[in-house]
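Look at the sequence and the structure first, then read on.

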Amino acid sequence: MDLLGLGSKVDIDFILDPLEQRKQVEVKLDDNNNKRSLQYIYYDGEDVGGSVQIKLKKNSKVEHQGIRLEFIGQIEMLNDRSTIHEFINLSKLLAFPGELTENTSIDFHFPSVEKPYESYIGINVKLRYFLRLTIIRRFTNTVAERDICVQQLSQYPEINNSIKMEVGIEDCLHIEFEYNKSKYHLKDVIVGKIYFLLVRIKIKHMEIAILKKESTGNGPNIYAETETIAKYEIMDGAPVRGESIPIRLFLGGYDLTPTMKDIQRKFSVRYFLNLVLVDEEERRYFKQQEIVLWRKQDKVKTKNSAKQYAHFEPPNPPIKPEDSAAGISGSGNSPVNGPSSSGNNSDSTSD
Amino acid sequence: MATIDADNRREIARLPTRPISLEDRYDPPANFLEIEILNPETHGFGNKRYTDYEIRMKTNLPVFRIKECSVRRRYSDFEWLRRELERDSKIVVPSLPSKAWKRQVPAFLRRDDGIFEDEFIEERRKGLEQFINKVAGHPLAQNERSLHVFLQDTTIDYDKYVPGKVRNS
């Protein structure tokens, strides 16, 4: 990042995972556009180490007043006055003032780095962790950054009550809704039901949506922005009193983050289930209910993990080459199984 | 294709539900409300003509005192209802079919019969039917006395009428 446009004389790269032991995740760099990049996943307390490779171009020499490496955790508010709040800054001097004459690789190691919050790229706020290498020069510094993705893992909550409530408009519409839990992990399933106690309006359909509410700022300056992560029709047609409509919503298919409450008193990210009933005149009746989302550690695949598939039929034995050719041409006559016609259509839309 | 056997995966099995009674399942639904606008008739002669329409209502909603009724109303009665609802209720009241000022130009300047043309009356009838169905089905409008007077009183007594709310009987 040679700001004076004199042409950068160096190429800087960070080697973080030489033995290929660390998982990577594709991260959306900006909430608005679709630029993505692969980032290594780190957890709280882990060391951050590796090496910095500095490659010189065209056999040039680089004089410098020191090479500094920082590990930074910061919150960026993306409003008019883009403010940056650093909550972690670890600094190491990798090299004393001197001269680089050839390609150089410098090892570094930050032990047991606290990473108290999960990385988050949002609508109006970003929380990111990154390494920043600075080659201090006379007129302008050469700076390179590499982002890492931090994930916060949680344990199964000790208490996880179901949500059950009766709501409605007096004398017009009374429903009882129930969701099986109040805290869901990111690959969980929301199982619930809607029971109709009184139906004096003409309902056309019912849908459930997952809303993400991101609030930034604190005190009197809170700004909240709501995004619809998913919308899912759960009922088509008019119900009568006494009917129950089931809900089964798999969260794994959606772009969700854990619930974040009051991070550094700067922002929160909360999730809500929005149950919406629409009547024949397009009037909408809705009930929002907050749910807590948390991140579970991924299952470690062991030899015994095949037991979880025991209820499926065993796979067919491998077919010989001549049979496989016949199988492909013969499948033209077999009926195609479309998506299950239980009437659930899943849309991922951001309104 | 193997289907998911929910019994083996209790964590995604449906929540237990109460069975629905036969009465609830097969009785007429509790939301029955039908309003039709029919039989437009033009009364009077020459300059003093006006058109009114029959409003036939059938319902089983408890908020309406009479379950089957028929009244005659003219366009200005609809305008009155709309004004009352806009002022007293919190709803966004849908619009009426247009006032058709152009058609009210004096007869000798027009080639046709203005607002008494059959085509125009039919268009207006449809618009009024849409309007009244939208309004009468709104839970908040159902609490306004003006709506009940409009739909169920034989004539609207503008002198005696006092705005107010209606609760379920």
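Predicted model: local features only at pLDDT ≥ 70, side-chain atom pairs only at ≥ 80, totals over all residues.

On the domain 1 side of chain A, the elements that give two or more residues to the touching face are β6 (67-77), β7 (84-95) and β11 (125-135). Salt bridges between domain 1 and domain 2 of chain A number zero.

| Item, domain 1 and domain 2 of chain A | Value |
|---|---|
| Distance between C-alpha centres | 39 Å |
| Residues in contact | 15 of domain 1 with 16 of domain 2 |
| Buried area | about 1,300 Å² |
| Share of the buried area from carbon and sulfur atoms | 64% |

Three residues stand out on the domain 1 side. A:Tyr120, A:Ile123 and A:Asn124 supply 40% of the area that domain 1 of chain A buries against domain 2 of chain A, more than any other three residues.

Now for the nonpolar cores. The largest one has 74 residues. Those with the most contacts inside it are A:Tyr179, A:Ile194, A:Phe196 and A:Ile210. Why does this core lie between domain 1 (10-150) and domain 2 (163-294) of chain A? Both domains give residues to this core, so it lies between them.

Take A:Ile210. Leaving aside residues up to four places away in sequence, A:Ile210 touches several residues, among them A:Ile229, A:Leu249, A:Tyr254 and A:Phe272. A second, separate core has 33 residues, including B:Ile132, B:Leu147, B:Val149 and B:Val166.

Methods: Residues numbered from 1 in each chain as written. Chains lettered and ligands numbered in written order. Heavy atoms only, no water. Core = buried A, V, L, I, M, F, W, Y, C linked by side-chain atoms within 4.5 Å. Buried < 20%, exposed > 50% of the residue type's maximum accessible area, 1.4 Å probe, protein only. Domains from an automatic or database assignment. Contact = heavy atoms within 4.5 Å. Buried area = accessible area lost by both parts, 1.4 Å probe. Salt bridge = Lys/Arg side-chain N within 4 Å of Asp/Glu carboxyl O. Helix = DSSP H or I, 4+ residues; strand = E, 2+ residues; numbered from the N terminus.
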